[in-house]
Amino acid sequence: MRALLIGANGYIGRFVADRLLADPAVQLTALGRGDDADVRFDLASGSPGALTRFLDAVHPGVVVNCAGATRGGARELTRHNTVAVATVCEALRRSGCGARLVQIGCSAEYGPSQHGSSTAEDAVPRPGGPYGVSKLAATELVLGSGLDAVVLRIFSPAGPGTPAGSPLGRLAEAMRRAMQSGDGELKLGGLGAQRDFVDVRDAARAVHAASLSAAQGVINIGSGRAVRLRDAAAVLARVAGYGGALHELDGPPGVLRPAIGHPRPDPDHAPPVAYPYPDGCGSWQQADVRTARDRLGWRPRIGLEESLADIWMEAACRI
């Protein structure tokens with residue numbers, strides 16, 4: 001199978017590339033904006049006609065789109081997450097290659113959900129921010145394109161390569177700085193949020209499975225279990241060997257609530273601070289992953305502790 005991967009240099013795309021390259025039956029071509037892509041092409045500014053000509057020349061059997069932006073204003077997010085996908089869909093419609101499209105979506109498309117519930121694919125999306133809106137618009141373009149297509153809504157990816165600006169990345173960096181400077185306490189915000197973390201390598205396996213399947217529509221990719229960020233922080237502290245106290249900043253302004261460990265008061269000391277979740281999904285998200293199991297034969301294999309250990313390993317290398 002000839003596969004075209006868009007966004008191979010991104011957080012998820014790098015692991016998807018590794019997974020596809022490990023399959024001897026897959027011949028992979030990478031398309032992107034970077035110099036190390038096999039073919040340089042900017043989806044946000046390139047024309048569908050130019051991409052169509054490339055598709056007709058390469059004739060892939062599957063196109064995997066991992067490209068997109070997670071930060072920026074509404075205009076930038078729309079350009080990279082929505083307009084770019086419109087270009088892909090139009091190019092595939094014009095092309096004679098008949099390729100299948102695997103689009104990477106995200107849980108931010110759903111927005112906040114009821115505490116204790118598992119979000120299934122038929123839930124009505126109510127994104128709580130411009131990122132989720134831009135990704136939902138891309139999903140709607142894919143679903144309405146008439147193409148052989150599937151959208152994988154990946155919940156909260158974790159593991160090696162986790163961006164330093166993500167909540168888990170910021171948590172690891174704050175802990176690294178605390179350990180480096182000998183701080184005996186760490187102030188953390190947003191620890192009450194509960195998210196469904198899935199290892200990025202498991203997500204890559206799901207992309208591989210979706211590429212080979214005939215499944216269409218939307219499929220959730222997650223662990224099926226919400227984890228409170230304060231519990232993830234406790235695991236990370238244990239993995240890192242951090243013996244200091246973790247304080248939560250959640251709650252009324254100016255009130256510190258001891259979360260883990262034993263506080264060591266020092267009113268003149270200002271320890272590092274990690275900030276709350278920015279995804280617009282409220283305090284709870286948990287995926288219903290039965291569709292992935294039934295239609296892709298996929299289940300997560302890597303637990304959160306291993307994902308956090310890999311995040312810490314990379315953060316510790318910066319000490």
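Good morning. Buried means under 20% relative accessible area, exposed means over 50%, and partly exposed lies in between, with a 1.4 Å probe and protein chains only.

The structure is a predicted model, in which local features need pLDDT of at least 70, side-chain atom pairs count only at pLDDT 80 or more, and totals for chains, interfaces and linings use all residues. Residues are numbered from 1 along each chain as its sequence is written, and side-chain values use heavy atoms, with hydrogens and water left out.

Let us turn to confidence. The pLDDT is the predictor's confidence in each residue, from 0 to 100. Its mean over the chain is 91, and 91% of the residues reach 70 or more. Over residues 252-275, however, the pLDDT is below 50; in the model this stretch has 52 contacts (heavy atoms within 4.5 Å) beyond near neighbours in sequence.

Which residues does valine 16 touch, if those up to four places away in sequence are not counted? They are Leu5, Val64, Cys66, Ala204 and Val207.

I now come to the charged side chains. A salt bridge is a side-chain nitrogen of Lys or Arg within 4 Å of a carboxyl oxygen of Asp or Glu. A search of the whole structure finds 14 of them.

One joins glutamate 90 to arginine 93, with the closest N and O atoms 2.6 Å apart. These two residues are three apart in helix H3 (residues 74-94), and are therefore separated by about one helical turn. Helices are DSSP runs (H or I, at least four residues), numbered from the N terminus. Glutamate 90 is partly exposed at 23% relative accessible area, and arginine 93 is partly exposed at 43%. Glu90, Arg93 and Arg94 are linked in a network of salt bridges.

In helix H5 (residues 167-181), arginine 176 and glutamate 173 also lie three residues apart, about one turn. Their side chains meet in a salt bridge of 2.6 Å, N to O.

Aspartate 288 counts as buried, at 11%. Thank you.
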